[in-house]
Amino acid sequence: MINGKNIIGVRLGLLITSYPKYVLLTVLLITGIAGIGLTCLQFDSDYRVYFNSDSPELLAFNEIQSTFSKTDNVLFIVSSRSGNLFTADSLKAIKELTEAAWRIPYSIRVDSLANYQRTTANQDQMNVANLIANADQLSADQIADIKKVALNDSLLVNRLISRQGDVTGVNVTFQLPKENAAQTIELVNQARDMARVLEAGNSDLKIYLSGMVVMNDAFIESVIHDGKILVPLMYIILIFVLYICVRNWSVIIATVLLVLLTLLSTLGIAGWLGWELTSTSIAAPTVILTVAVADCVHIAVSQLHFMEKGEARRAAMRESMRINFEPIFLTSLTTAVGFLSMNFSDSPPFRDLGNIVSLGVFISWILVLVFFPAIMCMLPIKVPKKNRAMPQFMPQLAEFVIRYKDKVILYLGVFTLLMLGLTPINQFNDEFIKYFDEAMDFRQGTDFLAEHMGGLYTLEIAIHAGSEGGINDPVFLQKLERMSVWLRQLPEVKHVNTLSEIYKRLNMNMHGDDSAYYKLPQERNLAAQYLLLYEMSLPYGLDLNDQVNISKSSVRTIVTLANLSSIEMLELERKIKAWQLLNMPEVSMSMASPILMFAHVGKTNIGQMISGSMLAFVLISMMLIWAFRSFKLGLISLIPNMAPAAIAFGLWALIDGMIGLSLSIVMAMTLGIVVDDTVHFMSKYRRSRIELGHSSEDAVRYAMSSVGRAMWVTTAVLVCGFLVLNLSHFTMNSTMGLMSALTIAVALIMDLLLLPALLMKMDSWSFNR
């Protein structure tokens, strides 16, 4: 295919350079129509978007949520600076916060020390009342009594109060009509305002925020941060790098305009198609921006190269398009294939990222071949000076490779094998809470919560008695209690919120608060009466719907956990299932939670992305073999394209060693990108050998001088673009950016050192003419 003679490129170049004004008007009209779709583009901040609608874990979670109350919440974490929350002022503030939380829109339940339903015996009756009844007139004895109850109640400690009594929680549960970004932002902003007011009136209190609604807001915050900081920063870096490497303002202006039109068209079409952006797919504009620049640089550098030799501007552009048309087509195709392989991901946002970037690559390819030559024919171009620093360096590098080709192959080969040997050290693992940067309020609040009280990590266990009213069966209650006791003994468990504790407390209350009766009722009818009496005594919004279903046939036990990695979470799930099969196999049980869902999707995503990367690798290999019309050359080209990922993951084993959900897609994502420089270098090498009749050494010199500078510039832009992603507060994007930048940087070294050395070494191979 790449034969130095390109009829399509010649004809297209002639047409565009002859009628540049009409071409520009047509492009602007079409991109303008496409850009209208931006008004239809939506952002989804719900964490559930990371799971397929038919995911077993998501289905189990939704079933538990529909059977019992939802767990969308904002948790106010109230900390005492002095280390003692049990003072009149602090308890009054907690009471005020509890009452104010009811006024937040869509709140359906508020749980705190203030409204915790304390049950006590009154002769043969049972009293149910708020733990903090009258916060304005608390005596020292009352405060001491409240502290004694709070720090000795197993349903409170590590759930709503820390063991030391210095941190407490006010948990607000919401029934949201439909999750959307504006609604989430409104709720969290109102919660923050309440926290600020409370802190201002109580110097001893410091308030953090956590919970699932706050987590959804953190997704939104990361997007807003990236939009305000990363995209403008990327444009600044783009202009700076282009100026340093090209020093031609016409090229810079044309490239920036092309990128803007590419992003406008891509996101506009995404809007027309009804696609939604997420915290992951929002990285698409930055990736498209960096990828789009590469082809512009190759076209521009070749044009400037021919102008240095005395060609007129439009003639130089036509020649540039002739020699670059097919390489650009091939590199765009391989890049798109690499990103399309992300459709193997088990997480929809990563599929969306791959599809949006692939669409952007296609649009960029069209604009590079149509818009960019047209505008370069309209803008004034100063004939570049000769003997630039970059061209001087490239011949020196060519001579180095020619002289030491055997050593280059040996040393780089050994280094690649060493890094490949380190890759198994990487552990396929993830830590959900680390998806968010430590600078984010949500991360700070959640870390503080995990350190001082129960954490955000939970596991919801729905246990089914199998019949209406079956939860009152003493046999079932004994099994529920056995499991609760066993769960509390696990080192990763911080708290178990279980109905069996309520039954034991009620039984004690109905026997005059005699601690000897702090045990489960022995009769079904008695247990049912206790529960009915208790439910009838509970105030509005504090019923047992969060633990018991309507038919009294199922209960939900919520296990609060320490911050666990995905491997630890999956191991905990396995242990619970094994215990259930051994101790109560006849009882039906289901488990779910957001953390468990992320653990499962991370595990399955890794295997699926390996399959996707392998398919992309095979397809790209076939493309290169077909493009060069040579099986041997196609195989040679694969070596510098396989090595970067191996080296990058080997280095990652030394840097971090943990591969999570985001890094599992890096190989597929970068595979198509790293091929670009290989294709451009080999096309120039082949043109020199076949079209110009040069020796292999002279072909290396020609390729280095004609395309080496463009390779440096495009790699610099790509690396900077992905490093900018590393500044994201959403660490899934930042680690993905860092790893991609590392892979692309290694690829440049391989293409400028290993590839020419291999080509010369295999110079005895025949070339198709």
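Biologist: Which element gives the largest share of the lining of the largest cavity, and how many residues is that?

Modeller: That is strand E12, with 3 residues. Before we go on: this is a predicted model, where local features need pLDDT of at least 70, side-chain atom pairs count only at pLDDT 80 or more, and totals for chains, interfaces and linings use all residues. Residues are numbered from 1 along each chain as its sequence is written, and side-chain values use heavy atoms, with hydrogens and water left out.

Biologist: What makes something a strand or a helix here?

Modeller: Both are DSSP runs numbered from the N terminus: a helix is H or I over at least four residues, a strand is E over at least two. At least two lining residues of the largest cavity come from each of E2 (73-80), E3 (107-111), E6, E10 (458-464), E11 (493-497), E12 and helix H19.

Biologist: Why is a space called a cavity and not a pocket?

Modeller: The test runs on a 1 Å grid over the protein atoms alone: in a cavity a 1.4 Å probe fits but cannot get out, whereas a pocket is an open set of points with protein on both sides within 12 Å along at least five of seven lines. Lining residues have an atom within 4 Å of a point. The search of the whole structure finds 8 cavities of 30 Å³ or more.

Biologist: What is the volume of the largest cavity?

Modeller: About 610 Å³. Grid points are joined across faces, edges and corners, and the volume is the space filled by probe spheres set on them. Among the 29 lining residues, Asn73, Asn171, Thr458, Ile558 and Thr560 are the closest to the centre of the largest cavity.

Biologist: How does the lining of the largest cavity divide by class?

Modeller: There are 9 nonpolar, 13 polar and 7 charged residues. Nonpolar means Ala, Val, Leu, Ile, Met, Phe, Trp, Tyr, Cys and Pro; charged means Asp, Glu, Lys and Arg; the others, Gly among them, count as polar.

Biologist: And what about the largest pocket, how big is its volume?

Modeller: About 490 Å³. Of its 20 lining residues, Ile610, Met614, Ala645, Phe649 and Met667 lie closest to the centre. Helices H19 (594-628), H20 (631-655) and H21 (666-691) each give two or more residues to this lining, and H19 has the largest share, 6 residues.

Biologist: How many residues in the lining of the largest pocket are charged?

Modeller: None; the lining has 15 nonpolar and 5 polar residues. The second largest pocket, at about 400 Å³, has Val149, Asn152, Asp153, Arg505 and Met508 closest to its centre. Its lining holds 5 nonpolar, 5 polar and 7 charged residues.

Biologist: Why is Arg443 called buried?

Modeller: Buried means under 20% relative accessible area, exposed over 50%, and partly exposed in between, with a 1.4 Å probe and protein chains only. Arg443 has 8%, so it counts as buried. This residue sits in helix H14 (residues 441-452).

Biologist: What lies 2.7 Å from a polar atom of the side chain of Arg443?

Modeller: The backbone oxygen of Phe436. A polar contact is a pair of N or O atoms within 3.5 Å; within protein, one must be able to donate a hydrogen and the other to accept it, and residues adjacent in sequence count only if both atoms are side-chain atoms. Leaving aside residues up to four places away in sequence, Arg443 touches Ile433, Lys434, Phe436, Asp437 and Glu438, where contact means heavy atoms within 4.5 Å.

Biologist: Is Asn158 buried or exposed?

Modeller: Buried, because its relative accessibility is 11%. Asn158 is in the loop between helix H5 (140-150) and strand E6 (167-174), and its phi is near 70°, a positive value in a residue other than glycine.

Biologist: Which residues touch the most other members of the largest nonpolar core?

Modeller: Phe76, Leu238 and Ile461, out of 209 residues. Helix H11 (residues 348-378) gives the most, 17 residues. A nonpolar core is a set of buried Ala, Val, Leu, Ile, Met, Phe, Trp, Tyr and Cys residues joined through side-chain atoms within 4.5 Å. A second, separate core of 46 residues includes Ala643, Leu754, Ala757 and Met760.
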